[in-house]
Every structure is written in structure tokens, then in C-alpha cells.
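Visitor: I am new here. Please show me the structure, and then let me ask about it.

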Amino acid sequence: MPHYRCCVGGCDNDSRYPEKVLKRGHVTGDLTWHYFPKDPKERALWVKNISKGLEDFVVSDYKVVCSNHFQFGKPTFSSHVPTLYLVASDTSKRSPRKRKIPTRNDNGNSPSNAPKKCSRFQEAQVQCNICFTFEQLTREHDVRFYTGLPSSSAFRLLFEQLSAKAREMHYWTGEKHAQTSHIMASKVIRTARALTLEQELFLCLIRLRQGFPVQDLAFRFSVSESTVSSIFTTWVKFMCKELQWLILWPDRSIIQRNMPDMFLKYYPKCRVIIDCTEVYIETPSSLEIAAMCWSNYKQHYTVKFLIGITPNGAISFASPVYGGRASDAFIVKDCRFLNSLQPYDEVMADRGFKIHDLLSFHQCFLTIPPSKHTNLQMSPKEVKTTSRIANVRIYVEQAIKRIKHFLILKRELPISLLPLIDDIVIVCSSLSNLNEPLSL
Ligand SMILES: [Zn+2]
């Protein structure tokens with residue numbers, strides 16, 4: 001069966017994905033696909049209009065245009081050239097409100113009920129088509145819910161920090177462009193964008209915080225799905241670069257100075273508390289990736305990374321992301337975490353971390369709760385040590401909870417986001433550090 005993909009820039013309609021097909025309000029009946037006319041004059045008119053949205057548009061006999069771009073949902077006698085939603089920014093516009101009543105439609109009949117229905121539909125669309133903005137959040141509670149930031153002033157500060165450089169950003173336009181040009185973003189500089197910079201940051205934070213799918217955000221912000229993907233990828237890469245300084249590995253003296261009492265008393269040499277956390281991912285289509293990502297522990301495909309936190313609760317280390325099959329010890333060894341340590345540093349970790357030898361090699365020592373012997377009871381001393389460490393470890397769990405507060409890391413990660421996961425972890429960790437210090 002042939003499949004059709006609309007060739008208009010900014011339109012993602014594709015007959016292979018019927019669930020994603022977007023039908024505009026003025027289209028009555030099913031969405032249909034239309035080949036370019038054979039007549040050269042007519043064909044030139046189509047190309048002229050469609051190339052508005054795509055600079056290097058090349059016509060071919062196989063390309064099709066979907067119903068959305070025709071005034072009456074298909075080429076008709078009175079309106080046979082595509083004129084609607086031809087550039088990406090059009091997607092945020094509604095159908096033209098003032099429309100000349102056609103003298104006849106393609107059946108040769110005078111229009112009766114259909115156009116009237118259309119115009120009423122458009123009125124409804126005009127009222128609903130309000131784009132989501134940060135200003136609409138009036139309660140701090142909602143700011144935390146949508147952005148993961150502690151307050152609206154934190155959002156403003158963050159935007160102020162980023163906006164000057166963000167204006168110079170080159171936007172991501174997809175894998176193909178990146179491969180051909182060997183740079184991550186193509187040369188589409190910020191020209192007429194569908195959203196303001198502030199809305200773009202807002203959109204990106206919402207996706208990190210709530211993990212909403214692209215389709216949902218496209219609807220909320222009245223832009224195309226490809227625009228959402230482009231904005232998200234661009235901003236995540238940008239924020240990763242600009243915010244990673246927030247993940248700071250402090251000097252030993254600074255750690256000592258800010259150490260909570262409980263640590264001072266029992267673990268005065270503690271430099272860092274570490275743990276690994278796993279993120280569920282969709283089943284990879286590549287067998288190789290699938291093999292790397294199968295986690296026996298979670299019985300699911302996952303990716304995994306190491307987090308280090310200072311005794312007073314700031315994230316001081318975030319490793320690159322590994323496939324879920326990697327062991328904790330392997331990640332510790334591979335991710336250069338050990339290079340950050342100095343002799344005599346104490347590292348606190350969970351039982352799973354079999355890294356005694358690795359740490360001894362760096363003249364550091366490991367504190368882990370004594371292992372449970374299945375048939376033997378713990379000695380009173382062991383019980384005391386275990387509960388003491390367990391208390392302290394609540395810190396790490398709280399810190400990891402903070403990162404997972406960004407639900408994109410808690411929900412099943414779409415495979416399409418796998419290439420971005422390192423950046424996503426860094427951004428979420430950095431933003432977590434904008435919160436108040438942890439308290440026990
Ligand atoms: Zn289309």
C-alpha cells in the first residue's frame with residue numbers, strides 16, 4: 001500500500017501514522033492527499049506557494065499535499081492552489097476568518113451547510129487557540145509543577161542568565177542535517193520563530209519536569225511537533241553547556257565547613273555520597289543497544305548513571321549515562337569519578353557498590369552498611385552502624401528524588417530522546433541544585 005507524507009514544510013501529516021495526523025478545522029470529511037498537477041502553469045503556482053516554507057523545495061511526481069493546505073480541504077474549481085498553513089509559523093495561526101463565499105464548489109453546487117459549519121468551527125478555534133505562556137502561572141505551586149524551579153523569580157533569573165546567548169542559538173533541525181553538515185545544529189538562526197525565547201525555555205522546562213510528549217506540547221503551544229522537537233533539543237543542549245557549572249565539586253575545606261553535625265560526628269572525612277539511578281527506556285529497536293540496556297535488576301530496558309552528592313546535599317557529580325546492564329563498579333571505574341578524589345577521602349555508598357579495591361588504589365576508603373548475612377544475626381554494633389549510615393543515606397535518596405522530580409527521568413524515556421540523555425541528566429541535576437539545601 002502506498003503511503004503519503006505531506007511535502008509542506010512544518011506539516012507532519014503522514015499516512016503511516018494515522019494517529020498523529022492533524023486535520024484542520026476547515027477540512028470536512030477525511031484528510032486526502034493530492035499530487036502536483038501536470039499542467040506546467042498550474043504546477044508552478046503550487047511550487048511557488050509551497051516553497052515559501054521550504055527554501056530548497058524541489059517538486060516531483062511523487063510528492064503530495066494534504067487537505068489542510070487547500071481552502072476547501074481539496075483543490076476545487078474556485079480554489080485549486082494550496083494557500084493555507086504553508087510555513088511553520090502558520091501552524092499557530094488559525095484559518096482565515098474572512099473568507100469569500102465561493103460561487104460554487106467542486107461539485108458545481110452552491111455551497112450550503114458545509115461552509116457555515118466551517119466558520120462556526122473557526123470561531124471556536126479562535127477562542128481556544130491561546131498559546132501557553134509563563135505569565136499564565138499565577139501561583140508558585142504551579143511554577144514548581146510545570147517548571148521544576150523553586151519559584152517564579154528563579155525562572156526569571158534563569159531566563160535572564162540565558163537569554164543573551166539564547167538569541168544567538170542555532171536551532172536543531174534534525175539528524176539528517178547534522179550528518180551532512182557535521183555540526184549539531186544547522187544554520188537556521190533565530191529568524192521569525194513561532195514562539196518567544198521565554199516561551200521556548202518554558203516549553204523545555206515543562207517537558208523536563210512533566211515529561212509530556214511532543215504531541216501534547218505542540219497542542220499547548222500551538223506549534224508543529226517538529227518545532228517542539230527542534231526547540232527542546234536546542235535548549236537542552238544549550239542549557240547543558242550553560243548550566244553545568246552548577247554541578248560543582250567543592251574543595252575538601254569547603255565541604256568540611258558546611259558539614260552537617262551528624263556527619264561531623266561520625267563521618268568527618270566524608271567527601272561524597274554516591275548512588276546509581278536507573279531510567280526506564282522504550283524497547284530499543286537495535287539489538288545491540290537492547291543488549292546493553294537490559295537491566296536484570298529492574299527487568300526492563302534502562303539507562304543508568306552515577307550521582308554524587310556532598311554531605312550538605314548538593315549534587316557534586318553526575319556521570320555520563322550507561323546502558324542498564326553496566327554494573328555500579330564498572331560505572332564508578334569508567335566515568336572518571338575516581339579522578340576527582342583525593343587521598344584519605346571517604347566515599348559513602350550502598351551495599352551494591354563493590355568498589356573497595358578501586359578506592360584503596362586511590363588511597364580513599366569506602367563506607368557501606370555491613371552486608372546482611374542470610375542466616376546470621378547482625379551484632380549490636382553492626383545494627384548501630386547500619387542504622388546510622390541508613391539515616392545519612394536519606395540524603396542521597398532525597399537528592400535522587402529531586403532529580404527524578406523531573407519526570408522525564410521517571411517515566412519511560414522515548415527512544416528518540418536517547419541521544420540527548422547525557423545532556424538531560426546534566427540539566428536536571430543543575431536545576432536541582434537551584435533548590436533549597438536538603439534538610440534531614
Ligand atoms: Zn500538509
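Visitor: Which helices do the buried residues of α6 pack against?
Guide: This is a predicted model, where local features need pLDDT of at least 70, side-chain atom pairs count only at pLDDT 80 or more, and totals for chains, interfaces and linings use all residues. Residues are numbered from 1 along each chain as its sequence is written. Helices (H or I, at least four residues) and strands (E, at least two) are DSSP runs, numbered from the N terminus. The buried residues of α6 pack against α3, α4, α7, α8 and α15.

Visitor: How many residues of α6 are buried?
Guide: A residue is buried if 20 or more other C-beta atoms lie within 10 Å of its own, exposed if 12 or fewer, and partly exposed in between; C-beta atoms are placed from the backbone. Phe202 and Leu205 are among the buried ones. Helix α6 is largely enclosed by the rest of the structure, because the buried residues number 10 of the 14.

Visitor: Is Gln215 buried, exposed or partly exposed?
Guide: Gln215 is found in helix α7. It has 14 C-beta neighbours inside 10 Å, so it counts as partly exposed.

Visitor: Leaving aside neighbours within four places in sequence, which residues is Gln215 in contact with?
Guide: Contact requires C-beta atoms, placed from the backbone, within 7 Å. With those sequence neighbours left aside, Gln215 is in contact with Lys20 and Glu225.

Visitor: Which residue of β6 is the bridge partner of Ile307?
Guide: Two strands pair if DSSP finds at least two bridges between them. Strands β5 and β6 run antiparallel, joined by 3 bridges. The partner of Ile307 in β6 is Ala318.

Note on methods. Two residues are in contact if their C-beta atoms, placed from the backbone, lie within 7 Å.
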